[in-house]
Amino acid sequence: MSTTSPELAAPNPVKAGDSFPEGVEFSYIPYTPENESITSCGRPQKYLASKEFSDKKVVLFAVPGAFTPGCSVKHLPGFIEHLSEIKAKGVDLIVVIAFNDAWVMSAWAKANSIKEEILFMTDTDTQFSKRIGWTRGDRTGRYAMVIDHGKITYAENEAGGDVTVSGADAVLKAL
């Protein structure tokens, strides 16, 4: 019997039609009026993604790093710009993950004037991204998924440095 933990197992890329993997956890700092200031820290909390995504329609996108040019200038702005269109397609949650810790992700949300419209989470130790084989070195890769009540209906990983299949326009078409 194998005792290999999911994060140490060989990568298992996901595709449309798959169930969202079990045991996926992220970390984040929920928005509260008390921690609204960019200099307020808040406390990181576990987010049981597998459980939370099982009864919701979710757009999940990953970026290699918060506050980086490609992520801050090309990737995230499309999701902010198209928030209402994405939500109009029946999406309950929009989640962005990166390898950065929960405090950096919280600050990135605040720097972009986002409170609860998009959840900014950390893929702790890139465990989820490693599990599905979508990393960029030690960082999360650049990819996007649509999860509809636990079933993946769209999953694309960027092959190069551009934002194409993981961007808001591609996700909107997939919804």
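This is a predicted model: local features need pLDDT of at least 70, side-chain atom pairs count only at pLDDT 80 or more; totals for chains, interfaces and linings use all residues.
How many positive and how many negative side chains does the protein chain have, and how far apart do the centres of the two sets lie? There are 18 positive and 22 negative side chains, and the two centres are 1 Å apart. Here Lys and Arg count as positive and Asp and Glu as negative, while His and the chain ends are not counted; each charge is placed at NZ of Lys, CZ of Arg, CG of Asp or CD of Glu.

Residues are numbered from 1 along each chain as its sequence is written, and side-chain values use heavy atoms, leaving out hydrogens and water.

**View 1. The whole chain.** Six helices and nine strands make up the secondary structure of the protein chain; helices (H or I, at least four residues) and strands (E, at least two) are DSSP runs, numbered from the N terminus. With a radius of gyration of 15 Å, close to the 16 Å that the globule rule gives for 175 residues, the chain is as compact as a globular protein of that length. This radius is taken over C-alpha atoms, and the rule is 2.2 Å times the number of residues to the power 0.38. Of the 175 residues, 46% are buried, meaning under 20% relative accessible area, with exposed over 50% and partly exposed in between (1.4 Å probe, protein chains only).

**View 2. The largest nonpolar core.** Welcome to a group of 26 residues, where Phe79, Ile94, Trp108, Ile118 and Phe120 have the most contacts inside the core. Strand S3 (57–62), helix H2 (69–81) and helix H6 (168–174) are among the elements that each supply at least two of its residues. H6 gives the largest share, four residues. A nonpolar core is a set of buried Ala, Val, Leu, Ile, Met, Phe, Trp, Tyr and Cys residues joined through side-chain atoms within 4.5 Å.

**View 3. Phe120 and its neighbours.** Leaving aside residues up to four places away in sequence, Phe120 touches Tyr28, Leu76, Val96, Met105, Trp108, Ala109 and Ile114. Contact means heavy atoms within 4.5 Å. Elsewhere, a second, separate core of 24 residues includes Phe20, Phe128, Tyr143 and Met145.

**View 4. Helix H4 under cover.** Seven of the 10 residues of H4 are buried, namely Ala102, Met105, Ser106, Ala107, Trp108, Ala109 and Lys110. Their cover includes strand S1 (25–28), H2, S4 and strand S5 (119–122).

**View 5. Thr39 beside Ala107.** Look for Thr39 in the loop between S1 and strand S2 (45–48). Thr39 is exposed, with a relative accessible area of 66%. Thr39 and Ala107 are 68 residues apart in sequence, but their C-alpha atoms are 7.9 Å apart in space.

**View 6. Two residues with positive phi.** Most residues other than glycine have a negative phi. Phe67, in the loop between S3 and H2, has a phi near 65°, a positive value. Thr126, in the loop between S5 and helix H5 (127–132), has a positive phi near 50°.
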